[in-house]
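Morning, everyone. Please take a look at the sequence and the fold on the screen.

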Amino acid sequence: MKSWSYKLFFLLLISCMMLAACGSKIENPLNWKMDSFSYVNQDQKKVGLSQLKGNVWIANFIFTSCETVCPPMTAHMAKLQKMAKDEGLDVRFVSFSVDPEVDTPPKLKDYATKFGADFSNWDFLTGYKQAEIEKFALDQFKTIVKKPQENPQVIHGTDFFLIDKDGVVQKSYQGVTDPPYEDMLKDIKTLQ
């Protein structure tokens, strides 16, 4: 009888250890702690780190007159939003405009509507100066944003970023071609 109880205890211990190891951490996290920010969304409502805390969220950088990478990135984000909804995941999406003087809230709303964005958990942010978004992108997401004087096409990074409930950037993913949807969904689940 004693031998049987030791075996059961050992089996339970191993099971607990395996469950604790499964999906408890993001592999190779970036751990970039974000500073506070507050901007306006497509409905002219304030959205910032304080409103996003407590939520897992995915962020990217786009602009409405982009002729190259932004349309596919926004389409991919819309697909990810739908996949997350289908899986019942509680996640928010944030797209920062890299051309804030052109991208007004109504312009962002028109742009996002073309991609079928669900505004219940996706904010398109603006309401800052060009220099501010360039510094913000570099300081918070380690990505470039630069608007050349001679060209209306803004240079910017194309990654999707995963941010945890405490406002810490955990991971980045390719956002233009073949985004790793399944990896992103798995990582969102891990952080929830």
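The protein has six helices and ten strands. Those are DSSP runs, numbered from the N terminus: helices are H or I with at least four residues, strands are E with at least two. This is a predicted model, where local features need pLDDT of at least 70, side-chain atom pairs count only at pLDDT 80 or more, and totals for chains, interfaces and linings use all residues. Residues are numbered from 1 along each chain as its sequence is written, and side-chain values use heavy atoms, with hydrogens and water left out.

Now the sheet. Six strands make an open sheet, ordered S1-S10-S9-S4-S5-S6, with mixed pairing. Two strands pair if DSSP finds at least two bridges between them. S1 (32–33) and S6 (122–125) are at the edges with a single partner strand each, so one side of each has no neighbour in the sheet.

Take S5, residues 91–97. S5 pairs with S6 in the parallel sense, over four bridges. Val94 has Asp123 in S6 as its bridge partner.

Helix H5, residues 130–141, packs on this sheet. H5 touches S1, S4, S5, S9 and S10; contact means heavy atoms within 4.5 Å. The direction of H5 makes about 135° with that of S4. Axes here are lines fitted to C-alpha atoms, for helices over the stretch in contact, and angles run from 0 to 180 degrees between N-to-C directions.

What about burial? Buried residues are 46% of the 192. Buried means under 20% relative accessible area, exposed over 50%, partly exposed in between, with a 1.4 Å probe and protein chains only. In helix H6, residues 181–191, the buried ones include Tyr181, Leu185 and Ile188. Their cover includes S4, H3, S5, S9 and S10.
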